[in-house]
Amino acid sequence: MKRRTFLSVVGSGLASAAGVALPTASFAAAGGDPIKLGLLFSQSGTMANNESLLKDTALMTIDQINAKGGVLGRQLQGVVVDPASDWPMYAQLSKQLILRDKVAAVFGCWTSVSRKSVLPVVEAQDSLLFYPLHFEGEEQSKNVVYLNSPPSSSVLPAIDYLMSTQGGEAKRFYMIGSDYVWPRTINKMLKGYLKTKNIPESAWREHYVPFGQSNFQTIVRDIKDFAAQPGGQAIVVMTVVGDSIPAMFKEAINQGIRATDIPILGLDVVDSDLEGLDTKPLVGHLSCWCYFQNVDTPENRQFKSDWKNYVAANQLKHRPDMVIDPMVSTYLGIHLWAQAAQKAKSTGTDAVRKALAGQTIVDPAGYTAKMDPASQYLWRGDMIGSINANQGFDILWKSKDIVKPVPFSPFIGKA
Amino acid sequence: MFATKWMDQSIEFGIVPVLILVTLYLPFAYFAIPASNALHLSLFGINLIGQIMCFALLALALDLVWGLCGILSLGHGIFFGMGGYLMAMYLLNAAYLDTHVLPDFMQYMGASAFPAFWHVFERLDVTVLVTIALTAAVAGAFGFVTFRSRINGVYLSIITQALTYALMLLLFINDIGLGGNNGMTGFTRIAGYRLEAVSTQIGLAVCSCLLLVVAYIGVRFLARSSFGRALIAVRDDEARMRFLGYRTHTLKLLAWCLSAVLAALAGMLYVPQVGIVNPTIVSPQLSVEIAVWVAIGGRGTLIGAIVGAILVNGLKFWLSAQLPSVWPFILAGVTLIITVYFGNGLWGTLKAAASNTGMGARR
Amino acid sequence: MEMIAFGRFLRLGMAVVWLLAGHLAFAATPGDASAYASRTAVIAAFCDTDGDPAAALGKLVEAGVSADQGAREWATQVMGAIRNGAFACGTNGQAVILGNSLGNSPVDAVTLAAPASVPAGMSPYVPSIVMMRKLAVAAAETGLFAADREARLAAAQQVDKFFPLLDPTIVTRAVHSEHDTQVLTVLKLAMAKRGLNSDAREARLAAIQAVAEVPSEAALTSLENFILQPGVQSDPEVIAAAKKAIQGINTWLMFGRGLSIIFSGLSYAGVLLLTALGLSIVFGLMGVINLAHGEFIMIGAYSTYLVERFMQSYLPGVFGAYIFVAIPVAFLICAACAMLLEFFVIRFLYRRPLETLLATWAVSIALIKLVQVLFGSQNVEFVTPDFLNGGVQVSPGFFVTYNRVFAIVLALLIFLATFAVIRFTKLGLLMRATTQLRDTARCLGVPAPRIDRLAFGLGGGLAGLAGVVLTQIASVNPSMGTGFVVDSFMVVVLGGAGSLAGTVVSSLALGEINQFIEPFYGAVAAKVVVLLLIVLIIQKRPQGLFALKTRS
């Protein structure tokens, strides 16, 4: 009797304890010497391809800083977790990084939905998230450092170009995006902007597909229909992400759409999305970022060769000759954090935040990026790239100097 | 005989004091035990326990219909998700009162205020009642049509999978107005308490444990009552029960609705602890995983469901942090071994072994 | 008389002088600095930020259609280089044509010879979209005078496509010098269409007729834009003709759109059929719900990937045939996997369908993780074989891509083969017997467990074939199978387990319904509606449309 009750008690007790004590007990990390930085990038799922590049860039940057003596005399240590492209997991793991691993700052997220999932956590725990992707703006949190451009500095110049004589005088816009916050907000802003340019409502069409959609047959047909209607040159504003990008390009190629017929402005297209595609039929489609790897500056040459050596030395599965904007942004973010911590002589959030204001850093794209003291956005240069026949981008246009980021677009309310 | 029965009952009932101990341990471990001690629980750990307790309740709900009644539902995520989403709607209302800022997904969809039907969820008590009513109604509608058509077994399982898949696809669409892929996040307050406060987090975890205890006692009582006996008989041979004059579809419907409500309540407690709800809560995978927890723990035994859920989720949280590449293989291996060799699950086998070696009494 | 003759002689002389001048301006006689000077000016116009590339392009075209061979070649090389992104400008105004894929070293853009020194800081000239269009027309206009007939035909079609941009003098010259009837027709059509821009009513009416005869979306656009022109608004006859033409084109386009929807429905149905066929056989025979079915599809796709890689390395000559080689390979690999699964797992769970469900689910997550570990979790890109690239405009508004035609044809062939196996072979006979009356068959000596294993293998193999087909039309990654499991089960449940005819009918029905709803409400809504429809139908008729045996 006693044995049985004891058994049952022990049995259920062990089960509960196992579920709980093990994770917390085994990671009772003592204060320790190295400064921990959280790396919140997916290594599995739809975002794996892109985000694992950022994780490895971050680790490479940490190695470089450590080789120069670290920060405040201590070495940096990257704590890698895998949220598996599951948005709630990003929230869960960011909590884990901050509360359990006691990281000084979190570097992570690609999609805006993952950032939005992490935002409440970093705000509640008063930590810092360094976010390396261009995004839709409409956000300004003292717990997020925005390393890349809002639409005012990236999307609008590209749209202006396409509406200019040189760009083909676009008058009609087909907006196709994945169904989440970034495409929806970008398109909302775009519609407001078009309204100020007196483009009527009949001149645009808006369509959303779920994440990971790969069948664009009907949509590409719809685009052809739309372009055939009168009213001027039609362009496609493509805000699909991840796997949908090569799927849509393939369908466009198959159905015979060329940049000379209907130019596609792919706002989230990077070189890795063009891998494996025959890009000759895609030549001329556009994208906009703060950096393209064909920029010829000494810093870029150094960065590209560092990356090449790092991939070879660690036998990574990435292409050694491919560098994309978010990688550079991650690199800049870690350096900025290190500079701020060094200046503030502390790794505390408040101290680092104050020291970040006004920090400058040389961007491999050939500009000197500057941290805006008020908005915590990074001032960067702006470029428009044109797809070339070698699965890469040629630089069609670049801004003369860094551009002031505008967090809250004046065009959102006008839609 | 009475002694054996009492012994069996006490084993199973033993889980109740264990759970109550855990409930008391939570605040104690946080406040009283210093951080350097291995028995201390960080806020993160407490949060984790709370979530696991919600999963255990969800498993209990499934065991009610599967273990006792023989209905393998692979769509219980629907009810879990319903509870989660409705609770999230209340939480967003509360957050709006707090911050006067509309949720993100409403802003980018162009709304300037909450849609009219959101006002129903402004009070917690109303939300709970509406959730229970709505879940029971949906479950009732489905069960009424399905059980009357005598759909059983694998067909029913597949249909429930299809329905949860359809719901997930539907929720991904932003136009529905429930946040789409972004889901709903940004909760600040619950019942007036600040959500991120330590006491609130501990309170939620404690509530989850207590709800599990109450639900377990309730379901156990039900299982031992004549209603429960009838359910088990329906599971074993429905045709015979029908022949004997029982209205089997009504019995199944009642069990089904109760199970759905329990699942919804689990969802309601889960979402404030996780801080976000998005369509993956109704993904087909999660719904199958619930069945796996119950199967591993031992279906039909009620405790088995709880033990299975706690064990599997505990291992999952621990291992996917340590060895993310290995966890799926471990889960797959354990599931295969349990389903093929230990049909009764862990607890069921333990119980069978104990009753064989112990007093020799057979159930 | 003498005056007229003198006049003619004068004009002839001027023509000769003009031709010679043209020749001299761009000819490449060695050491002729003035020729290079004009070429340098053209090149500089591209590289200078203040230059006028459009005018320079005009000069290039002039050179390209001139009588001088050297000038034509120079112009063709430069235009080709610009279009291929191989034209690079240096900081000192010099430009080179970079080596192409054959490995040539860079040549100077003016002399077409190796440069004295390769200047530093070369950056490629990136044409704007407007320039790209002009280049396309320019290249086409130059191509009108090529020696090869195919090249001339392609150039003529290009000119026809961009007819608003064409240069009438050049095209007229081409018309005069062209002898081939097909090329002539295309050129005359292009010129006729251009008549839309003229002021003469006759030319306009002729143009409207010419455009209406070849209905297409582009034709519709040009006519709609034409009507809006103020000069046209005043002429009711022209407007009436144009409106009639527009109506005709619209009818054609609507018809084409309808055909498109039916075609997409067929291709979707083909995919559904392939994925559901194996499941139908297994479910009908054993009542086994195999949640790992999606993973067999995925393994089929990855087998195709391995075959593709293998053939790329070792048999590059016949690379395009990798799809056909992959068919038996994928079938065998997946059949083997399925039979292993049956042997190690399923056969212990006989008569325990709910446990089978969970066990196969466990296998599926293990398989997904295994493939992830082996191949990575990113999408695997397939190089489309040449014969599957692109498509053809069957009728206005109805564009058919070859990869989907291939999918439909393959689905049909596989179905017919399966039907033949089930209907005409001994194995099929035994399978049918075991499905319909298992115990009686066993009494008659049919080895039911072995039949189960073979049937499971057949089901897995068919799933593998579905994977092969899907490599061309869907994205391939480790979790691709999960998207197909629910759909294929729905097809099987609706069609009736074990019934091949049921599977065909239900996949056709579901495919078409889905594609009819999609253009209006989107793909997701279409999917949800179809799922709900099936659930409702099943409530009424649980055994499916074509029931082989009742299961409740």
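Me: Before we start, what should I know about the numbering and the cut-offs?

Reply: Residues are numbered from 1 along each chain as its sequence is written, while chains are lettered from A and ligands numbered from 1 in the order written. In this predicted model, local features need pLDDT of at least 70, side-chain atom pairs count only at pLDDT 80 or more, totals for chains, interfaces and linings use all residues, and side-chain values use heavy atoms, with hydrogens and water left out.

Me: Is C:Ser303 buried or exposed?

Reply: Buried means under 20% relative accessible area, exposed over 50%, partly exposed in between (1.4 Å probe, protein chains only). C:Ser303 has 4%, so it's buried. Its place is in helix α13 (residues 293-314) of chain C; helices are DSSP runs of H or I, at least four residues, numbered from the N terminus.

Me: Which residues is C:Ser303 in contact with, leaving aside neighbours within four places in sequence?

Reply: Contact means heavy atoms within 4.5 Å. Here, they're C:Ala330 and C:Ile333.

Me: How many residues do chain B and chain C bring to their contact?

Reply: Chain B brings 39 and chain C 36.

Me: And what about salt bridges between chain B and chain C?

Reply: Look for a side-chain nitrogen of Lys or Arg within 4 Å of a carboxyl oxygen of Asp or Glu. The count here is 1: B:Arg299 pairs with C:Glu355, their closest N and O atoms being 3.5 Å apart.

Me: Which element gives the most to chain B's side?

Reply: That's α7(B), with 12 residues.

Terms used
Helix = DSSP H or I, 4+ residues; strand = E, 2+ residues; numbered from the N terminus.
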